[in-house]
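Subject: Structure handover

Hi,

Here is the structure for you to look through. My notes follow below it.

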Amino acid sequence: MDSKQTEYIEKIFSDVIGRYDTWSLVEYTSESLKEAVEQHTFDCKLLLFDVFESDEYVDTITDSLDKAGIDTDIIYITESKNKVMKCYQDHAYAYILKPLHDSDMKREISRYFKECNIKQRCLRITFGGVENYIPIDSIRYVESDHRKVTLYTQDEEYEYYSRLDDLEEELAGGHFMRCHQSYLVSVPYITDFSNNEIKIGDRSIPVSRKYKMRVQSALYQAELAGASGTDAFVHGGIHKIAQAKGALICVKGEYIGKIVRLVPEKTVMVGRSGDTADVVVNLPMVSRQHCRITYHECEDYYEVCDCSVNGTFVNNHELLRRGDTYAVKPGTNIVFGDDRYMYRLG
């Protein structure tokens, strides 16, 4: 393939794949391709094979790919109509005859990437007349400003018009959660979290009171998924959750079974108000700021400090003195004002 034809193919290829994903283009000569396959350094998802060599050479390359267990899709580019059977036998994706035409190249390459994106589940968006397919796993978070939605990936931002409620429904069943009226976040990309915000890399994203309980539940489920060895969370996020060793477990009452994980040495406030509490217990006798709890992992004990009006009780209804700090062991039962609801320190 001469340099002009190479540049031509690269341009068409770049124009097409730029709408779908970030790919790298690598050019091989006959010798370098054979060497890469033999040395197991060949790592291409799609090979555009300009068939100007003998059938014997082509057979050598395809046989080498098979023997090396390399799963590569092939698009043959050739002047010969007689190689159609060769294309069929090698299970090639497409067969393009020279002279090359823009329409032929764009059609086959677009078809290939559309099918790839369907397999990996993509979000199809259109903005300014341009259609894009965004791999859903690459989306870190979504921001809405009135009816304009912005998708954030590692390297790109994509804008289009939609309702965030509609997008939330479309992404249902994945790893996305609503944390604010204007934000959806992908749980695997979360790198830190606190009472009022989530961090994804350097970006701080607000958590509103309305969604706080949902966020806590989603983060706990993410921790369980990571602990069970699943490969669902592959982006290296939620490391703060993975550090969580202590726990506050509801063992009696409406919220029975709810588990809140505690990061060691990090003090959390239990209370009725989502504006001031890290752990929200929305009961009438719970104060806005009811109780502070800190888990110390090395010594394996909890510090508990009551800040409430109606009192904090441990074990056999022992009332903690307001403002004093108590050291208690894992397994201690704790009541926040109302003994119809009981928690246990895990």
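Glu297 is partly exposed, with a relative accessible area of 37%. Partly exposed lies between buried (under 20% relative accessible area) and exposed (over 50%), with a 1.4 Å probe and protein chains only. The areas come from the Shrake-Rupley method, and only the protein chains shown count as cover.

This is a predicted model: local features need pLDDT of at least 70, side-chain atom pairs count only at pLDDT 80 or more, and totals for chains, interfaces and linings use all residues. Residues are numbered from 1 along each chain as its sequence is written, and side-chain values use heavy atoms, without hydrogens and water.

The charge patch

Glu297 belongs to a patch of negative charge on the surface, with Glu265, Glu299 and Asp300. Patch residues have over 30% relative accessible area and no salt bridge, and like charges are joined within 9 Å. A salt bridge here is a side-chain nitrogen of Lys or Arg within 4 Å of a carboxyl oxygen of Asp or Glu. Asp and Glu count as negative. Their charges are placed at CG of Asp and CD of Glu.

The hairpin

Glu297 sits in the loop between strand S18 (291-296) and strand S19 (301-306). Strands are DSSP runs (E, at least two residues), numbered from the N terminus. The S18-S19 hairpin has four residues between its strands, and Asp300 takes a positive phi near 55° there. S18 and S19 run antiparallel, joined by six bridges. His296 stands opposite Tyr301 in S19. S18 is mostly covered, with five of its six residues buried.

Strands pair if DSSP finds at least two bridges between them. Strand S16 (residues 268-271) runs antiparallel to S18, with three bridges. Met269 stands opposite Arg292 in S18. S19 and S22 are antiparallel too, over four bridges. There, Cys305 stands opposite Thr325 in S22.

The three-strand sheet

Another open sheet has three strands in the order S11-S12-S13, with antiparallel pairing. Strand S11 (192-193) and strand S13 (203-206) are at the edges. Strand S12 (residues 197-200) is joined to S13 by four bridges. Lys199 stands opposite Ser204 in S13.

Best wishes

Definitions and conventions: Patch = residues over 30% accessible without salt bridge, like charges linked within 9 Å, V, L, I, M, F, W, Y side chains within 5 Å. Areas by Shrake-Rupley, 256 points an atom, 1.4 Å probe, with all protein chains shown as cover.
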